[in-house]
Amino acid sequence: MRLIPLYIALLLLTVPSAAQITKPVVLGNLATDKIKEASGITSSVPLKDCYWTLNDSGNKPEVYLLNSKAELISTFKLEGAHNRDWEDIAEGIGPVKGKYYVYVADIGDNSGIRSHIRIYRFPEPETKPGAHVALTPDVLTLEYPNSPRDAESLMIDPISKQIYIFSKREKEISLYKASPLFFKDGDKVTLQKLIKLPYTWVTSADMSKDGRHIVIKTLSTVYYWRRNNNETVEQAMSKPAKELPYVIEKQGEGITITASNNGYVTISEGKKTPMNYYKWKF
């Protein structure tokens, strides 16, 4: 995302001060020059206290592994991939039982003209990787059932084993899903439109590793849903959301629930941006 409409800028200026009562713990500041436009973040299960992030459109097709102090551990180059508009990143289960995978969402479309979008997937290492890793990811090509949409938010559901994407710019965004999660390299699918949600300018989303907690964030607010047993994602999100503490970042575009499920972490575009941690406050 580059430009913020005037009505969004005014919204940011009028957010009640109560939204800023609970300040986050700053885990660290991004010191590497490789990450200047962080557009997503996700926590890692096998790599304890580590996080994956990536840059926005026009940057190298690389994914970055950070430690809990926001220090760069490793750079993963995705061979054959193109960063047309990478907007979110998620971690979750995949085709091999017991392994975790990283999902890169090339789903941004500011002008609403893309005939298709893509998700890149690669297996996550189970031990600390080297400083530089090159690999060839699996690619899933997706298209919308109606017309192109701009999107910045991706979730992986370990319960239904499906992929969820939120549109971004409408006054009431839409929730879409793609099935199956265990796609094969080169597969093409049409997204299924599920429900509309009364939010706009959604920049990131995440689901806990057990599939029970859901968060989305706009430029000004973090929203939370608790998913009950036997509920689909759309059923859970049809209920009123709870607002969680969030101190507005300059251009906050990433949120993830921690792997230990004790809170959530946000990240923003910009040089030396902080990685902020919030403990759950239900």
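## Rings, strands and cores: a quick briefing

R121 lies over the face of F183, 3.9 Å from the ring centre (a charge sits over a ring if NZ of Lys or CZ of Arg is within 6 Å of the ring centre and within 35 degrees of the ring normal). Keep in mind that this is a predicted model, where local features need pLDDT of at least 70, side-chain atom pairs count only at pLDDT 80 or more, and totals for chains, interfaces and linings use all residues. Residues are numbered from 1 along each chain as its sequence is written, and side-chain values use heavy atoms, with hydrogens and water left out.

**Charges and rings**

- K168 also lies over a ring face, that of W201, at 4.4 Å from the ring centre.
- There are 11 aromatic pairs (rings of Phe, Tyr and Trp, its six-membered ring, pair if their centres lie within 6.5 Å; planes under 30 degrees apart count as stacked, over 60 as edge-to-face and the rest as tilted).
- W86 and Y120 make a tilted pair, 5.9 Å centre to centre with 50 degrees between the planes.
- This pair links distant parts of the chain, since W86 is in strand β6 (residues 86-93) and Y120 in strand β8, 34 residues apart (strands are DSSP runs of E, at least two residues, numbered from the N terminus).
- W86 is buried at 0% relative accessibility, and Y120 is buried with a relative accessible area of 3% (buried means under 20% relative accessible area, exposed over 50%, partly exposed in between, with a 1.4 Å probe and protein chains only).
- Y199 and W225 form an edge-to-face pair, 5.8 Å centre to centre and 85 degrees between the planes.
- Ring pairs also link Y224, Y246, Y264, Y278 and W280 into a cluster.

**Strand β8 and its neighbours**

- Strand β8 (residues 117-123) has 5 of its 7 residues buried, so the rest of the structure largely encloses it.
- On one side, 6 bridges join β8 to strand β7 (residues 100-106), and the two run antiparallel (two strands pair if DSSP finds at least two bridges between them).
- Strand β10 (residues 138-143) is joined to β8 by 5 bridges, again antiparallel.

**The nonpolar cores**

- The largest nonpolar core has 21 residues, of which Y103, I119, L142, L154, I163, I165 and L191 touch the most other members (a core is a set of buried Ala, Val, Leu, Ile, Met, Phe, Trp, Tyr and Cys residues joined through side-chain atoms within 4.5 Å).
- Two or more residues of this core come from each of β7, β8, β10, β11 (151-157), β12 (162-167) and β13 (173-178).
- Apart from it lies another core of 18 residues, including W52, L78, V102 and F122.

**Two residues to look up**

- T256 sits in strand β20 (residues 252-257) and is buried, with a relative accessible area of 0%.
- K34 is in the loop between β1 (25-29) and β2 (38-43), and is partly exposed at 33% relative accessible area.
- The side chain of K34 makes a polar contact of 3.1 Å with the side chain of T75.

Conventions
Helices (H or I, at least four residues) and strands (E, at least two) are DSSP runs, numbered from the N terminus. A polar contact is a pair of N or O atoms within 3.5 Å; within protein, one must be able to donate a hydrogen and the other to accept it, and residues adjacent in sequence count only if both atoms are side-chain atoms.
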